[in-house]
Amino acid sequence: MLRAQGAQATYLGTRPSSFITDRSSLISQEKKMSLESFLRHQSNIFGTDVFVLLETLPDLPRDESIKRFNKTGDSWSDQNWAIIAYDPKSFRSPFVVSGGPFLQTTNSEFLLAEIELLQDLSLQSWSNKPDIDFLARQVAGTLVFFARARDANVNETVQDLKVQANAERHAQESRNILFTGLLVASLFSLVIGGIICRKIYMSQRKMLFPETRWPQRLGAPYSGGSSVKYHFEPPAQ
Amino acid sequence: MPSPPPKLSSRMFQKSVHDCPYCSFELDRADLTCSRCQSHLETLGPLPKDGAVLLESIMDLAGLLQGDAEKVKKMIARSEKKFPQLKLIFCSIVCPENFTPNTLGWWMLNQGTNPQLTWTGLLLVDPASSQITFQAGYDLEIFIDRRKLETLLTECGQWFTLGEWSTGAEKFFQNLHLMLKNAHQESREIEKQALKLL
């Protein structure tokens with residue numbers, strides 16, 4: 001259901017003439033001019049279009065909104081692009097959606113993580129409004145980096161690094177397993193060794209009976225005699 | 001240097017009563033003569049002062065073991081190694097007149113010239129009268145349970161009935177070894193308790 005009554009959201013229409021559309025007067029005129037100039041420079045020199053939309057947005061599910069922004073971005077720009085859309089009246093954090101040729105060979109995980117970080121950094125602790133100027137500039141810089149990294153095969157390097165990181169992780173896991181195995185084997189050997197040593201010790205150990213005092217019997221100096229005897233059947237001849 | 005532990009009375013460890021070797025009458029610990037038959041050691045004759053026999057591990061005077069003496073010797077040596085105080089002897093002999101296996105074994109132990117005679121155990125077999133007896137010195141007899149000893153002699157006798165002299169002797173000393181191990185453990189426990197109380 002559309003929350004906005006009357007005015008249509010900018011992204012639902014054609015590409016705006018300026019990079020910043022601020023219908024909610026969130027940022028000052030000065031900042032707006034400065035940011036506009038920066039974003040134009042990014043577009044002209046680095047081929048990166050960053051659109052900032054500050055207005056009431058339709059109240060759609062997030063996925064649907066992102067889908068529409070993606071479509072819009074592709075129709076507004078044939079370069080690398082990003083749309084930063086923020087509704088000051090809502091409690092949602094700004095949408096940051098990007099696209100363009102560079103994405104085909106970009107490590108999208110890394111890019112998303114980067115953008116998430118920027119969104120977090122843009123939150124101002126003294127205000128409940130994000131710093132859009134900061135966010136826009138940083139997003140633009142990030143897209144430029146990724147575009148240049150693609151050209152410099154850094155993405156492949158990043159991919160390689162990822163592969164390398166995975167390999168290192170696997171190696172570390174293997175080392176851990178090996179270490180654990182060795183530890184268990186050592187402990188087991190120690191226990192077995194201990195048992196064997198104890199058995200050897202016990203078998204070698206001499207056993208001494210206690211010395212006692214005893215009286216002589218029947219005048220015998222060493223043995224008092226015994227009547228414990230047994231009659232056995234003589235063996236057959 | 002720590003002083004050796006005090007000698008405890010044999011009463012604490014005594015496993016069995018003693019009977020007169022002549023008439024099997026039950027004796028008190030310190031009877032100088034049997035109260036029934038009035039016998040004592042010298043009833044057999046005076047102890048020889050010269051020519052007393054050195055008791056060896058195997059004294060197969062009746063020739064029962066023949067070539068198998070080594071088996072029995074090995075078993076004896078094992079026990080003597082484990083219990084260094086002890087001396088164990090196997091003797092086969094046809095008892096002379098006026099001697100029974102009991103009295104002969106008793107006499108042999110008391111006339112021997114070995115050291116540690118009080119720690120000596122002698123298994124004597126008389127094939128003529130088909131009797132076996134086990135004699136022990138004062139120090140050793142304390143730790144030998146009479147009932148268990150009777151069981152060992154019974155088993156030994158069963159082998160002798162089959163003509164297996166060396167096997168019977170070997171089994172006897174093997175089982176005696178186990179019996180002594182248990183007896184040792186028990187005696188150490190008793191000693192520990194007794195020394196705690198002193």
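In helix H1 of chain B, the residues B:Val72, B:Met75, B:Ile76 and B:Ser79 are buried, where buried stands for 20 or more other C-beta atoms within 10 Å of a residue's own, exposed for 12 or fewer, and partly exposed for the range in between, with C-beta atoms placed from the backbone. This is a predicted model, in which local features need pLDDT of at least 70 and side-chain atom pairs count only at pLDDT 80 or more, while totals for chains, interfaces and linings use all residues. Residues are numbered from 1 along each chain as its sequence is written, and chains are lettered from A and ligands numbered from 1 in the order in which they are written.

**Helix H1 of chain B**

- The four buried residues B:Val72, B:Met75, B:Ile76 and B:Ser79 lie on the same side of H1(B), because they cover an arc of only 95 degrees around the axis, the arc being that of the directions from the helix axis to the C-beta atoms.
- An α-helix has 3.6 residues a turn, so residues three or four places apart point the same way.
- On the other side of H1(B), the residues B:Glu70, B:Lys74 and B:Lys81 are exposed.
- The cover over the buried residues of H1(B) includes strand E4 (58-60), strand E5 (87-92) and H5 of chain B; helices (H or I, at least four residues) and strands (E, at least two) are DSSP runs, numbered from the N terminus.
- The 14 residues of H1(B), residues 69-82, should span 20 Å at 1.5 Å a residue, and this agrees with the end C-alpha atoms, which are 20 Å apart; the expected span is 1.5 Å times one less than the number of residues.

**Where the two chains meet**

- On chain B, 58 residues are in contact with 29 residues of chain A, contact being defined by C-beta atoms, placed from the backbone, that lie within 7 Å.
- Among the elements of chain B that give two or more residues to this side are strand E7 (131-136), helix H4 (146-161) and helix H5 (165-197), and H4(B) provides the largest share, eight residues.
- The residues on this side of chain B divide into 25 nonpolar, 21 polar and 12 charged, where Ala, Val, Leu, Ile, Met, Phe, Trp, Tyr, Cys and Pro count as nonpolar, Asp, Glu, Lys and Arg as charged, and the others, Gly among them, as polar.
- Strand E6 of chain A, residues 229-231, pairs with E7(B) in the antiparallel sense over three bridges, pairing being counted if DSSP finds at least two bridges between two strands.
- The bridge partner of A:Tyr230 in E7(B) is B:Ile132.

**Chain A as a whole**

- Chain A has five helices and six strands, which follow the pattern β-α-β-α-β-β-α-α-α-β-β along the sequence.
- Of its 237 residues, 30% count as buried.

**Single residues in loops**

- A:Ser25, in the loop between strand E1 (20-22) and helix H1 (29-46) of chain A, has a positive phi near 50 degrees although it is a residue other than glycine, and A:Ser25 counts as exposed because it has 10 C-beta neighbours inside 10 Å.
- B:Gln66, in the loop between E4 and H1 of chain B, is not a glycine but has a positive phi of about 50 degrees, and B:Gln66 is exposed, with 9 other C-beta atoms within 10 Å.
- A:Pro130, in the loop between helix H3 (108-122) and helix H4 (132-151) of chain A, is buried, with 20 other C-beta atoms within 10 Å.

Note on methods:
Two residues are in contact if their C-beta atoms, placed from the backbone, lie within 7 Å.
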